[in-house]
Amino acid sequence: FVEFAGQNPLRQGNAVIRFALTRDDKVTAKVYDVSGRLVRALADGQVFKAGDYTGNRALQWDGLDNNSRQVARGVYFVHVRLHSSLIDQSRKMIVHK
């Protein structure tokens, strides 16, 4: 499963991406702006061991880009792909920071 949690719209804190793997799997999780430009790579094809990625193990987006700068207010898309599990999900996030 993949679950998007945390605040939406994102005013403070982090957007949280929780997932569970029944076997080791490559995980890609990226944030894009509305024009499709990559803003932040949270995971870029790394192999994660089987298990639950919740709580402190969950992926988190803090509203920063790949250069550690706060992104502008607006709409973003978080895309998560679990390669072997064939799970491919996206969610719209609104940033108000």
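**Nonpolar core and sheet architecture**

The largest nonpolar core comprises 24 residues, and those with the most contacts inside it are Ile-17, Phe-19, Val-27, Phe-48, Leu-59, Trp-61 and Val-80. Such a core is a set of buried Ala, Val, Leu, Ile, Met, Phe, Trp, Tyr and Cys residues joined through side-chain atoms within 4.5 Å, where buried denotes under 20% relative accessible area, exposed over 50% and partly exposed in between (1.4 Å probe, protein chains only). At least two residues of this core come from each of strands E1 (2-6), E2 (15-21), E3 (25-33), E4 (38-48), E6 (59-61), E7 (74-82) and E8 (87-95); strands (E, at least two residues) are DSSP runs numbered from the N terminus.

The model is predicted: local features need pLDDT of at least 70, side-chain atom pairs count only at pLDDT 80 or more, and totals for chains, interfaces and linings use all residues. Residues are numbered from 1 along each chain as its sequence is written, and side-chain values use heavy atoms, with hydrogens and water left out.

Strands E4, E3, E7 and E8 form, in that order, an open sheet with antiparallel pairing, two strands being paired if DSSP finds at least two bridges between them. E4 and E8 are the edge strands, each pairing on one side only. E7 and E8 are joined in the antiparallel sense over nine bridges, and Tyr-76 stands opposite Met-93 in E8.

Gln-89 also lies in strand E8 and is partly exposed, with a relative accessible area of 31%. Beyond residues up to four places away in sequence, Gln-89 touches Val-2, Phe-4, Val-78, His-79 and Val-80, contact meaning heavy atoms within 4.5 Å.

Key. Helix = DSSP H or I, 4+ residues; strand = E, 2+ residues; numbered from the N terminus.
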